[in-house]
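Here is a short note to read beside the model. Keep the structure open and find each residue as it comes up.

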Amino acid sequence: MVRIALIGAGFIGSVHATNLAEHPEVEFVGVHDLDAPRAAALAARSQTRALDLDQVFDAQSTDAVLIASSTDSHADHLRHAADAGLATLCEKPIDLDLTRANEVVAEIGVPGAPMMVDFNRRFDRDHAELQRSVRSGDIGTVELVQMTSRGPALPPFGYIEASGGQMRDQAVHFFDLARWITGEDPESVFATGSVFTDPRMAHLGDVDTSAATLRMPSGALVQIDCTRRTGYGYDERIEVLGSDGLIESGRHRVGSVVRYGSGRVVGDGLHAGWFERVAPTYRAALDHFLAAITSGAAVGPTLGEALKAQAVAEAATRSLESGRLARISYPVLVSTPAR
């Protein structure tokens, strides 16, 4: 049994709490949140206890920490976990500010225990099979990748204000997938976008609809379209065109029943929201993290990989703001001894 403490009792924290409480290989030692009553309520629902931060980072009673708190607290919690020698699974991003995120990762150095950033889309069953097939050469040389991330409705405006913008919040998952699927670090990005929903988005310098094109060192192109509002459900899919064929991780419907009538065909629709579509990936990511702790398996996405995805997002944001192609500059990570 791996003893895991959770930091964060909001929506995503409650998702992780359910998975921790139900996992047969986990002893869920407790929950911490700045909002103590919220932490106590989630702890009671999960049949565990509320913790203070000293208890969370106590290596005598905890083996690992799952960080699902507000974004501005991730970096400090990662640093404390590294100091305590605890394995860590952290929601993305390490910090909204890439410079600070890079400084924290450099300070941690080579961690003494597994540290993973939860880019959970890697653990989607279909996306993972697509990646395996592409990397094994089943479709030859990758030439064109098309990715789609289309949400059903604009999130609450308070969330939008704190998100860092569509490139850093929504598209970043697919920047990570692009690197993971192709095995290449993009060289440049061109992004453009529009506002079709709330005009306040424009005042934030943000968009609700965007298209980004990445150019890879091999010459392959990756196109990513993101939309905050579709009106027809959550739509996520990936298509990879290679020199010898094509592979697709298609959109997920809520069912597979198709009704044929006179002059029309009616099928089941898409999931109502993003969470319904990706919920299983959080459990799969936890399984991967536990395997790294218990069997020494390689962990990923690593802190370094998360920084690279964030570097792409920063360049895409610059391109969106300037209307020009942006070169991508990656952090130089210096390996230092484990803390």
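1. Terms and ground rules. Buried means under 20% relative accessible area, exposed means over 50%, and partly exposed lies in between (1.4 Å probe, protein chains only). The model is predicted: local features need pLDDT of at least 70, side-chain atom pairs count only at pLDDT 80 or more, and totals for chains, interfaces and linings use all residues. Residues are numbered from 1 along each chain as its sequence is written, and side-chain values use heavy atoms, with hydrogens and water left out.

2. Start with Asp-198 and Arg-200. Their side chains meet in a salt bridge (2.7 Å, N to O). A salt bridge here is a side-chain nitrogen of Lys or Arg within 4 Å of a carboxyl oxygen of Asp or Glu. Are the two partners buried or exposed, or in between? Asp-198 is buried because its relative accessible area is 16%. Arg-200 has 43%, so this residue is partly exposed.

3. A network. Asp-76, Arg-79, Asp-95, Arg-100 and Glu-107 belong to one network, joined by salt bridges that share partners. The count of salt bridges comes to 25.

4. A link from strand 1. Arg-3 and Asp-63 form a salt bridge through their side chains (2.9 Å, N to O). Arg-3 lies in strand 1 (residues 2-7) and Asp-63 in the loop between helix 3 (53-56) and strand 3 (64-67), so the pair ties together parts that are 60 residues apart in sequence. Helices (H or I, at least four residues) and strands (E, at least two) are DSSP runs, numbered from the N terminus. Arg-3 counts as partly exposed because its relative accessibility is 22%. Asp-63 is also partly exposed, at 27%.

5. The largest pocket. What is its volume? The largest pocket has a volume of about 1400 Å³. There are 47 lining residues, and the closest to the centre are Ile-12, Thr-71, Tyr-159, Asp-169 and Trp-274. On a 1 Å grid over the protein atoms alone, a cavity is a set of points where a 1.4 Å probe fits but cannot get out, and a pocket is an open set with protein on both sides within 12 Å along at least five of seven lines; lining residues have an atom within 4 Å of a point. Grid points are joined across faces, edges and corners, and a volume is the space filled by probe spheres set on the points.

6. What lines the pocket. Which helix gives the most to the lining of the largest pocket? Helix 8 does, with 5 residues. The lining of the largest pocket divides into 20 nonpolar, 17 polar and 10 charged residues. Ala, Val, Leu, Ile, Met, Phe, Trp, Tyr, Cys and Pro count as nonpolar, Asp, Glu, Lys and Arg as charged, and the others, Gly among them, as polar.

7. The cavity. The count comes to 1 cavity of 30 Å³ or more. The largest cavity has a volume of about 70 Å³. Its lining includes Lys-92, Pro-93, Arg-168 and Gln-310. Helix 11 supplies the largest share of that lining, 3 residues. The lining residues divide into 7 nonpolar, 1 polar and 2 charged.

8. Cis bonds. Lys-92 and Pro-93, from the cavity lining, are joined by a cis peptide bond with omega about -5°. Pro-93 is in the loop between strand 4 (87-90) and helix 5 (98-108). Another cis peptide bond joins Gly-300 and Pro-301, with omega about 5°. Pro-301 lies in the loop between helix 10 and helix 11.

9. A backbone angle to check. Gln-47 is not a glycine, although its phi is positive, about 55°. Gln-47 is in the loop between helix 2 (36-45) and helix 3. With 78% relative accessibility, Gln-47 counts as exposed.
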